[in-house]
Amino acid sequence: MAKNKVAVVTSLMIFSLSSSLYLAIAARVVPLLENRQISTSESTGLFDTSNYGKFQLNNGLARTPQMGWNSWNFFACNIKETLIKETADALVSTGLAALGYKYVNIDDCWSAPLRNLQGRLVPDPKTFPSGIKALADYVHGKGLKLGIYSDAGTFTCQVRPGSLFHENDDANLFASWGVDYLKYDNCFNLGIKPEKRYPPMRDALNLTGRTIFYSLCEWGVDDPALWAGTVGNSWRTTEDIKDTWASMTTIADINDKWASYAGPGGWNDPDMLEVGNGGMTYHEYRSHFSIWALMKAPLLVGCDVRNMTAETKEILTNGEVIAVNQDPLGVQGRKVHVDGCREVWAGPLTGKRVVVALWNRCPEAVNITANWEFLELTPATTVSIRDLWKHENVSGNAATSFSAEVHSHDCKMYIFTPVASAHSSSQ
C-alpha cells in the first residue's frame, strides 16, 4: 500500500524512541548466483543483466517470479478467514493453482488493532477467529502456500501494529504459524531510511529456520533495485497500481528502467495484477498481463477468483504467457523500440528464443513492426513465430522484420525461435 493510503493519525506517532534502538545489520554479501545461462560481462541492451546478482540474496526462493493471489486490490480491508479459504479452494478449482499460482497472500487488516500484553501480534478475533495457524494448515492442505502482511514502520498503512523494532518476535510468530511469504510495507516509517529498516526483518526471517519469501513493498522511494538484492526476493519499484490504463502504463514504464537488476532470486515488482477488477477493457487487461509476464514481474492475481468472468479466466490461465514469465533464463524483458504510441518490448528466453510484444498505446488500431535490429538478431537470421494469444504458429521462416496490426490498447505477444543463422549475442 502506498503513502496515500496512510491514515492521518498524528497522535499515534508521538513517542520517543528507546535508547536501545539497534542499527540495521550489515547486508550479507553472497556470491553471484550459480548456473547462470547467459553472460553478465560487458553486455548491453536486450541481454543486459550486468547489474544483476552483485550482492544477491540467495535463500533458495524466487528462482522464477512468484505467482499467487493477494487480497488488497479487490477486497482491501474487507477480509476474513472464510474468504481466504474460499479463495484457496477457487485457485484449485479454476486450475490457477496447477498453473503456478501458489501463494495465497493476506494483505493489511488481518490483525487486531493492538498487540497483546506480551507484545505479540494477534489476529483480529472477529474476522480470523480460528487464528492464522489453522488457516495456514487449511491452505497447505490444498497444496498452496500462505502469505501474511506487515510493515517496516510503527503501524501498517491501515493503522494496525507494524513490525519496526519487533522484527525477531514477529518473524518467529509468523514462522510458528507456518507462514510462507511476507509482504513488508513502508507506512509510518519514522523517516528512517528503508536501507536501515528492511534488513532486520530479513535477518529475523532467516533466523527462524523457516524458508519465507520476503517481498519488500517500499514503493520505489529509494530505488530499491540498487540495494534490495541483498535483502529480499522482490522489491516494489513503484507506488500502488490503480485499476486504470494510465496507472498501468505509467508503472510499466517506471519498472522498465530497472530491467538489468532482475534475475533468479530477486525480482522487480511493479505491483499486483488488476486483471478482472473492471477498470480496464479486455484488450487493456491483456496488455497488462502480457507486459507483466514479459517483465518477469510477480504474477499476483488481485481480483475475486471465486467469481471470474470467462475473459478474466482466459487471460490469467494463458499457460504460454505464464511460461514466458517463468522461463528459467530469468532475464527481464524490456522496451526496445518506440515509435510514437507504437512500442516493441522483448526479452531473451531459454533455447535462444526471444519473446516479442507489439504494444499499441494509440487510441486506434495501428500496424507495429519489429525489426531484427531491435531484437539483436543478425540480419541473416530467420525465425519461426508463435502467437501466444492465438495459440498458433503464424510463420515458419520470417526474416528481417515482422509486422502485425494491433487493436487499440492491445498487445500481441509472440515467441521468435531462430531456425537459421545465430543470435548476435552469445548465451
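Reply: What follows goes through the cysteines pair by pair.

This is a predicted model, in which local features need pLDDT of at least 70, side-chain atom pairs count only at pLDDT 80 or more, and totals for chains, interfaces and linings use all residues. Residues are numbered from 1 along each chain as its sequence is written, and side-chain values use heavy atoms, with hydrogens and water left out.

With a disulfide taken as a pair of cysteine sulfur atoms within 2.5 Å, the count comes to three disulfides. In sequence order, the bonded cysteines of the protein chain pair 1-2, 3-4, 5-6.

Cys 77 is joined to Cys 109, S to S 1.7 Å. Buried here means under 20% relative accessible area, exposed over 50%, and partly exposed in between (1.4 Å probe, protein chains only). Cys 77 is partly exposed at 30%, whereas Cys 109 is buried at 4%.

Cys 157 and Cys 187 form a disulfide with an S to S distance of 2.0 Å. The link of Cys 157 and Cys 187 is right-handed, with 85° about the S-S bond. Both Cys 157 and Cys 187 are buried.

In the disulfide of Cys 341 and Cys 362, the sulfur atoms are 1.9 Å apart. This link of Cys 341 and Cys 362 is also right-handed, with 95° about the S-S bond. Cys 341 is partly exposed at 26%, while Cys 362 is buried at 0%.

Cys 217 has its closest cysteine sulfur in Cys 157, 7.1 Å away, which is too far for a bond. Cys 217 is buried, with a relative accessible area of 1%. Cys 303 also counts as buried, at 2% relative accessibility.
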